[in-house]
Amino acid sequence: MFYSDDIIEEVRMKNDIVDVISGYVRLQKKGSSYFGLCPFHNEKSPSFSVSPGKQMYYCFGCGAGGNVFTFIMEYENFTFIEAVKYLAERAGVKLPEGEYSKEQRAAADLKTVLLEVNKKAAAYYYYLLKQEGGRQAYEYLKNRELSDDTIKGFGLGYSSKYSDSLYRYLKGKGYSDTILKESGLFSADERYGMHDKFWNRVMFPIMDVNNRVIGFGGRVMGDAKPKYLNSPETKIFDKSRNLYGLNIARKSRKNYLIICEGYMDVISMHQAGFTNAVASLGTALTSGHASLMSRYTKEVLLTYDSDEAGQKAALRGIPILREAGIKPRVVNLAPYKDPDEFIKAEGQEAFEKRLSEAMNYFLFEVRVMERQYDLADPEDKTEFYRAIAKKLLEFPEELERNNYMESISRNYQIRYEDLRRMVNNLALSGTAISAKPRPPVKERRKDKKEDGRDVSQKLMLTWLTSYPKMFDTIEGYISPDDFTTPLFRQVAELLFEQHEQGKVNPAKLLNRFTDSEEQKEVTSLFHATLHLENDQERMRALKETVCRMKRDSIAHQSQTLAPTDIAGLQRLVEAKKHLEEIESGKVTLHISFD
């Protein structure tokens, strides 16, 4: 389905961006804008700005930005069409009805088509599981004590032992090789051509929080390697920003999430009633996972495997969760390896008890650290206490640090006063080990310094959208042709066109860009920052910006101008004349920045 520009603009205008985003982010008004903590990266100081005037949002920390459609697409992982439908329903806008034609399907949004392909693949795999060829896979699932309701609820399936089964099925549905290759479900080489990526495997559909199939995991039947195979990253599947089972877990009445390692752990826990369990997708826990979970909970229980690898995974995950504002606790599964094994052996009530006894993350870290020391040796024991004291200095708040010292003194038979004295001495001596904080996202983004040309053009676009009277100020001196970066010129042409039509509307302009990364870049063009104290400094900055743009434009045109282009040479002469007028002060540029 494709909607006219008028319909899309009506939906956008009837969904005030401050009102929409306030449903997801707590915003506070500061001046003419609203600020809050960015939902797209972890931060402690608000750098997420929402402008009611521009009807746009922008994060000065991570660069996320766009209009109300962009926000819903990014936060809910919607396609553009899905965002339009969602916001239309919210605002009571009736959308025209219609069906995809063959021509429309060929031109449809890639993400929408890929979601369609994955949905059909999941249905096909589920169908194969119930056929004679899928008997081994079905028996494997039944032997893992999964009920038919659970199998159906998670959409589990089977990929045929023939390496072109799914390919032939989807080709029969009219999909092109280009689309099928983009789906991540197929591989292509010179010898075999296009063939299924998954074959002879139990299939686990991976769904996003909105219950849409975005990828697959497959467990091989037999001894082939790898044992588990996951979809590659695609336009709809980013394993660092999705969690298996979160589509169900986010609706749980529990006020915490349980994170484990594998598909079967999640499924068996859900079947046992623990519907708040999730798992990372064949990768270590990332800040993206933590940020995603922080939308739904402030506490996470870690139930990684009880072996050394599982404990290392827990230790790696703890600081990531804490940075996202989540309180982590660690569940002791011993003597069993994983939650699936524990539940089968001990049952639901025993597992519930283990969850209630989950260990505080700091005490878990200390317990793991303890194994590095021989506490029967007085010297090693002292070193262990010293290591604890150094670790206690990670807490900046004295009250919290004292509470942990009380727990440590009870657990490890060290007098509270002795431990406190050791902590204080280490702090005074400056020898405490402290983790070097990661640079703020904003600083990391500045590692790649922009050149002066781009800075000037961005600043001009920001001024044009913030102060529309600027168009009158620069008339005759700056035009879209003076924006030498292709994207900047495209945006400038649209802005000048809007000005001629009577109203500058950057949020409407953004509808012309459908790629999310392009939308972020365009949004950043309207949010350049320049800290100036007074109007005199602003006027000087305006003059310098116009002069810089004219110099760059003249240099760019000179390089591309043909010697026989007389009209072009005349334009260059006129441009140089304008530049000299501004630089000499013969022409003064005036603009009100209020």
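Good morning. I begin with the largest cavity, whose lining consists of Gly153, Phe154, Pro205, Met207, Tyr244, Gly245, Asn247 and Ile248. Please bear in mind throughout that the model before you is predicted. Two elements each give two or more residues to this lining, namely β9 (201–207) and α11 (246–249). When the lining residues are sorted by class, five are nonpolar, three are polar and none is charged. The space in this largest cavity comes to about 80 Å³. How many cavities of 30 Å³ or more are there? The count is two.

I now turn to the packing of helices. Two packed helices are described by the angle between their axes and the distance between the axes. I shall give both values for each pair.

Let us take helix α15, residues 339–346, and helix α16, residues 348–356. Their axes lie 7 Å apart, and the packing angle is about 130 degrees. Are these two helices parallel or oblique to each other? That angle makes α15 oblique to α16. On the α15 side, the contact is made by Pro339, Phe342, Ile343 and Glu346. On the α16 side, Gln348, Ala350, Phe351 and Arg354 take part. Among the residues of this contact, five are nonpolar, one is polar and two are charged.

Helix α15 also meets helix α12, which spans residues 263–271. Here the axes come within 8 Å and cross at roughly 35 degrees. Helix α12 contributes Met264, Asp265, Ser268 and Met269, while α15 contributes Pro339, Asp340, Ile343 and Lys344. By class, the contact of α12 with α15 has four nonpolar residues, one polar residue and three charged residues.

My last pair is helix α19, residues 398–411, with helix α20, residues 416–429. Their axes come within 9 Å and cross at roughly 130 degrees. The two helices are therefore oblique to each other. Which hand does the crossing of α19 and α20 have? The crossing is right-handed. From α19, the residues in contact are Arg401, Asn402, Met405, Glu406, Ile408 and Ser409. From α20, they are Tyr416, Leu419, Arg420 and Val423. This contact divides into five nonpolar, two polar and three charged residues.

To close, I return to the cavity with which I began: its lining has no charged residues, whereas the contact of α19 with α20 includes three. Thank you for your attention.

How values were computed. Residues numbered from 1 in each chain as written. Predicted model: local features only at pLDDT ≥ 70, side-chain atom pairs only at ≥ 80, totals over all residues. Heavy atoms only, no water. Axes fitted to C-alpha atoms, helices over the stretch in contact; angles between N-to-C directions. Helix = DSSP H or I, 4+ residues; strand = E, 2+ residues; numbered from the N terminus. Parallel < 35°, antiparallel > 145°, perpendicular 65-115°, else oblique. Left-handed = near helix turned anticlockwise from the far one by under 90°. Contact = heavy atoms within 4.5 Å. Nonpolar A, V, L, I, M, F, W, Y, C, P; charged D, E, K, R; others polar. 1 Å grid on protein atoms, 1.4 Å probe; cavity = no way out; pocket = protein on both sides within 12 Å on 5 of 7 lines; lining within 4 Å. Points joined across faces, edges and corners; volume = space filled by probe spheres on them.
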